[in-house]
Structures are given as structure tokens and as C-alpha cells.
Amino acid sequence: MSTVILLRHGKSTANGSGVLAGRTPKVGLDDTGRAQAAALVERLAPVPLAELVVSPMLRCRQTVAKLAEARGLDKVKEPGLSEVDYGEWTGRALKDLVKEPLWRVVQAHPSAAVFPGGEGLAEMQARSVAAVRAHDARITEKYGENAVWLLCSHGDVIKAILADALGQHLDSFQRIVVDPASVSVVRYTETRPFVLRVNDNGGDLAGIAPPPSKAKAKRGKGKQSSDAVVGGTTGA
């Protein structure tokens with residue numbers, strides 16, 4: 001299978017406001033977020049990108065706009081990667097939500113958390129993991145095993161995808177940190193995903209694209225190995 005870059009949208013006008021924006025319409029990037037989006041063009045310059053798949057939310061579309069223009073790529077909207085539907089929690093102040101009994105469930109037992117009038121975190125993980133795996137299979141079929149593609153989504157969604165890739169229960173996903181405009185990278189294979197980066201805020205990304213596979217010449221196939229390197233990898 002191929003390699004996916006999990007990009008959280010840049011800093012939005014709601015980040016740091018103390019309010020849970022959720023799916024509130026027209027929440028876009030602030031000045032910092034726009035600068036982060038512009039910096040992506042140079043940061044991802046060494047990485048070949050087959051496609052850009054984005055949450056329909058405005059802040060995600062804005063985050064990849066300059067990158068899409070620079071690469072001449074369309075933005076494929078994927079509802080399965082949209083922000084969590086926080087239901088009646090949407091638009092409420094975090095200082096008030098902390099007092100809700102459900103807050104402790106979200107922190108300690110997120111797989112049991114269902115937002116009133118919205119969706120459960122387990123439901124969110126199921127639809128987001130299904131979406132990323134479906135696009136990965138499609139992109140691999142279209143572009144080959146060495147394809148790299150970018151997904152732009154939201155903090156909890158990316159954390160849920162990473163928890164799945166790491167083989168962690170959703171109840172552990174709050175241990176994962178995903179900052180605005182950070183990059184995490186997963187390479188899917190036939191039997192298991194490999195997590196290459198988590199919450200990377202400025203590292204060199206050139207090494208995430210797999211080199212032409214030597215296995216292709218030896219076995220007549222281009223599939224990436226599902227085997228882990230015993231003793232650890234030697235680097236790109």
C-alpha cells in the first residue's frame with residue numbers, strides 16, 4: 001500500500017479562543033495559520049504527492065490551497081475526514097465543558113463518549129479509518145506502491161487514525177499530541193501500518209517517500225514489505 005501524510009489544518013480563528021468550534025461554519029485560518037499553510041509549499045517540496053484529500057471544513061481547504069496550486073492538484077473532499085460532530089457541545093466554552101460529567105469520559109474512556117446530539121468518538125474513528133484506508137487502497141491501485149499522498153484533517157480525527165495505525169485502543173488516543181499544521185506519516189502495507197512520524201513540526205520530510213523498491217527487481221513485484229526491520233531501521 002502507499003504512504004499517507006496526515007496534516008492537521010493550520011491554526012484557526014477558533015484555536016486558542018477557549019471555544020469548541022467543531023463543525024461551526026466558516027471557521028478559517030488566522031494569520032499564523034495562513035503562514036503555516038504558505039510554509040507547507042517549501043516544506044513538502046522534496047516529497048512527490050499523488051493526491052490531496054481533505055476534510056470539507058473551510059480551515060482544511062485553506063490549509064492546502066497554496067500547496068494544491070503549487071502542485072497543480074485538485075482537492076478531493078472526503079466527508080469521512082470531517083471534524084467530530086460535537087453536537088450540543090459545539091460553540092460552548094471549554095471552561096464550561098470541563099464541568100460536564102461527559103468530560104471525564106472523553107478524557108479517560110473516549111471509546112464510550114457520545115456527544116449529545118452529535119456522534120461518538122468510536123463512530124468518528126470508524127468512519128475516519130475507513131476513509132483513509134479506502135483512499136489509500138484506491139491511490140495504491142492508481143499510482144503504485146510507492147505513492148505518497150496527503151490527507152488534511154482535524155486533531156481528534158488524526159489522533160484516532162494514528163491510534164489505529166499504532167494498534168492502540170481508542171481509550172489511549174488522548175496520549176497522542178497533534179499540533180496545528182503538524183505532520184504525521186503512516187505507511188500502510190498488506191498486513192500492518194508503519195508509523196513514520198508523529199506531530200512533526202519542522203523536520204526534513206524528504207525521507208518519507210519510499211525509494212524504488214529493490215524487491216521489484218528481485219521478485220518481479222513492487223509491493224512494499226510488511227515485515228518490520230529486526231533491530232531497527234538504518235534510516236533513509
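This is a short chat about the fold, packing and a few residues of one predicted model.

User: What should I know before I start?

Analyst: The model is predicted, so local features need pLDDT of at least 70, side-chain atom pairs count only at pLDDT 80 or more, and totals for chains, interfaces and linings use all residues. Residues are numbered from 1 along each chain as its sequence is written, and side-chain values use heavy atoms, with hydrogens and water left out.

User: OK. How many helices and strands are in the chain?

Analyst: The chain has eight helices and six strands. Both are DSSP runs, numbered from the N terminus: helices are H or I with at least four residues, strands are E with at least two. Along the sequence the pattern reads β-α-β-α-α-β-α-α-α-β-α-β-β-α.

User: In what order do the strands sit in the sheet?

Analyst: The order is E3-E2-E4-E1-E5-E6, in an open sheet with mixed pairing. Two strands pair if DSSP finds at least two bridges between them.

User: Which are the edge strands?

Analyst: E3 (75-77) and E6 (193-200); each pairs on one side only. From one strand to the next, the twist averages 20°.

User: How do E1 and E4 run, parallel or antiparallel?

Analyst: Parallel: six bridges join E1 (residues 3-8) to E4 (residues 148-153). Thr 3 has Val 148 as its bridge partner in E4.

User: Now helices. What does H6 lie across?

Analyst: H6 (residues 121-143) lies across E1, E2, E3, E4, E5 and E6, and runs at about 155° to E4. Axes are lines fitted to C-alpha atoms, for helices over the stretch in contact, and angles run from 0 to 180 degrees between N-to-C directions.

User: And how do H6 and H7 pack?

Analyst: Their axes are 9 Å apart, at an angle of about 75°. That makes H6 roughly perpendicular to H7; the range for that word is 65 to 115 degrees.

User: Which residues meet there?

Analyst: Among them are Met 124, Val 129 and Arg 133 in H6, and Val 157, Ile 161 and Asp 164 in H7. Contact means heavy atoms within 4.5 Å. The residues of this contact divide into seven nonpolar, two polar and four charged. Ala, Val, Leu, Ile, Met, Phe, Trp, Tyr, Cys and Pro count as nonpolar, Asp, Glu, Lys and Arg as charged, and the others, Gly among them, as polar.

User: How many residues has the largest nonpolar core?

Analyst: It has 37 residues, and those with the most contacts inside it include Val 4, Leu 6, Trp 89 and Phe 115. H7 gives the largest share, seven residues. Such a core is a set of buried Ala, Val, Leu, Ile, Met, Phe, Trp, Tyr and Cys residues joined through side-chain atoms within 4.5 Å. A second, separate core of 21 residues includes Leu 52 and Ile 208.

User: What about Leu 102: buried or exposed?

Analyst: Leu 102 is buried, with a relative accessible area of 18%. Buried means under 20% relative accessible area, exposed over 50%, partly exposed in between (1.4 Å probe, protein chains only). Leu 102 sits in helix H5. Leaving aside neighbours within four places in sequence, Leu 102 contacts Trp 89, Ala 113, Val 114, Phe 115 and Pro 116.

User: Last one. Where is Lys 26?

Analyst: In the loop between E1 and helix H1 (31-43). Lys 26 is exposed, at 77% relative accessible area. Lys 26 has a positive phi of about 65° although it is not a glycine. Asn 199 also is not a glycine and has a positive phi, about 55°. Asn 199 lies in strand E6 and counts as buried at 17%.

Conventions:
Parallel < 35°, antiparallel > 145°, perpendicular 65-115°, else oblique.
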